[in-house]
Structure formats: C-alpha cells, structure tokens
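The following exercises are to be worked through with the sequence and the coordinates at hand. Each task is followed by a stepwise solution.

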Amino acid sequence: MDLTKASLLREMLTGTELGSRTTSFAHSMRRYTTRRGGLLLFGPPEDEPWHLTAHLDDELHRAGVEDVRPALVRWTPPPGAPPHLAIGLDRLRESGRGESLLVVAEDRPADTLLERIDDVRRRGTTIFSIDNGDKELAGLAHESLVPELLVPAGFGSWANHSVTEDAVRRTEGAVDDEIPDETLTALREAVAGFEMTQHLVSLAAADPEAGQANWRRSLRTFIERLGGEPG
C-alpha cells in the first residue's frame, strides 16, 4: 500500500476504534521515546520488521522529526552491511530508560524472542508490541496493538460507522471519478490485514502533536471545544 492509499484509509477510519487505538499507540510511543535514536524495532529472526521500520523512518523524516528516527535491531547482521542495517543484539544490551522497543510479531513469538524482550524491559526500556494476542508477549509489553481484535473477520463496521464505498468517496471531498475501483478494492483488503495496522501507526507517529504530553493535548482539545466550531 502506498502513502496516498494509507493516508486515505486513515482518514476513512477517523472516529473508529481502529483509528483511535492506532493513533493513541503511536503517540504513546513518541512520548516515551525521549532519548535521541531511542526508538528500536525488533521481531522474530525469520520476519524482522523491515517494512514498518522503513515506513516509520519515511514518515518521521517527512515530518522533520529527526530525534526519534527508528533503528532496526537484527539478530545476525551480515559482515559489511551498511550502518543502518548492521545494528545487532548488542544494541538491546545498551538500551535503557527514555528508549522504546517496538516488537512486531505476527505469529506466536519464540522463547528466545521473549527472553530478549524481558531483558530489555528490566533495563527500563518501554515495550510496545504489534502482535496477534500472545499472552506472554502481552505480559511483557507496556502497550499492545492486536489487529484481529480491532478489525472484524469480514469487511464490516467498527464503533461508529461502516467502511463502505460511499464513505471512501466522501473522504476529503472526493468525487466518483477520483477513486478507481482497484483503489477501493485495495483499501477493503488492507482493512483486514496485519500490515494495515503498521501503516496507520507509521502515519500517526508523525503527527505534530504526537510528542506532546497528554495534558497538552487535552488542554488544546478543551480550548477548541470551548471556542466552538470555526466560522
């Protein structure tokens, strides 16, 4: 899914549980990552989260957020790999407070992965996870996203409204001719996928207010509501 489709999907999901949870998750990750270069991504050796790392890096760079750029931690970096692809397990041993470890595990995590996460947590690093509901991983993570709990098995509705063709076409004032059928099909398929959640998180992490403390966002929301809708 490209940036345009991902952005459209995020707009379409505004007000749903899925949209709210992915945004809250990404904002928490930004707030708890207070050390420069302290956002680490990690996953199973056979499925390292290259995809999410790349998207997060692109979105944060585009937003001008240079101090929270992500680093992919690899199990066995090959000799001669470029610096950004040569970060090994030693980086986990150096982690600590002010840093965040984002674990991406679509399948049940192996004990070796859980042991590494437990070690990092004991050093004071905040643990975030995108997974499919593994209890042991949930016990280690400070905050988790489980896509299958937020997205119904079939294409349907969330808390407030269903994702329909009309909803897509209304997004950002789009007219019928502006959204090809293949785009609508791709969006429908994306909603039910594990990959979709990662796209939503990467977009939300680059929000201007993502790094603000909760009370700042709450105050701004209160002021906006007090002032009413702009004329």
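**Exercise 1.** In which helix is the place of Thr197? Determine also its burial and its contacts.

*Solution.* Thr197 has its place in helix α10; helices are DSSP runs of H or I with at least four residues, strands are runs of E with at least two, and both are numbered from the N terminus. The model is a predicted one, in which local features need pLDDT of at least 70 and side-chain atom pairs count only at pLDDT 80 or more, while totals for chains, interfaces and linings use all residues. Residues are numbered from 1 along each chain as its sequence is written, and side-chain values use heavy atoms, with hydrogens and water left out.

Next, the burial. Thr197 counts as buried because its relative accessibility is 0%; buried means under 20% relative accessible area, exposed over 50%, and partly exposed in between, with a 1.4 Å probe and protein chains only. Finally, the contacts (heavy atoms within 4.5 Å): apart from neighbours within four places in sequence, Thr197 touches Thr22, Ile130, Leu145 and Pro147.

**Exercise 2.** Classify the packing of α2 against α10, then that of α3 against α10.

*Solution.* Axes are lines fitted to C-alpha atoms, for helices over the stretch in contact, and angles between N-to-C directions run from 0 to 180 degrees. Angles under 35 degrees count as roughly parallel, over 145 as roughly antiparallel, 65 to 115 as roughly perpendicular, and the rest as oblique.

Step 1: α2 and α10 (residues 194-205) pack at an angle of about 55 degrees, with axes 8 Å apart. That angle makes α2 oblique to α10.

Step 2: the axes of α3 (residues 50-62) and α10 come within 8 Å and cross at roughly 25 degrees. α3 is therefore roughly parallel to α10. This contact involves residues of α3 including His51, Leu52 and Leu56, and residues of α10 including Glu195, Gln198 and Val201. The crossing of α3 and α10 is right-handed.

**Exercise 3.** Is Pro70 buried or exposed, and which residues does Pro70 touch?

*Solution.* Pro70 belongs to strand β2 (residues 70-72). Pro70 counts as buried because its relative accessibility is 13%. Leaving out residues up to four places away in sequence, Pro70 touches Leu39, Leu41, Thr53, Leu56, Asp57 and Leu60.

**Exercise 4.** What share of the protein is buried?

*Solution.* Buried residues account for 46% of the 231 residues. The secondary structure comprises 11 helices and 5 strands.

Note on methods. A crossing is left-handed if the near helix is turned anticlockwise from the far one by less than a right angle, and right-handed if clockwise.
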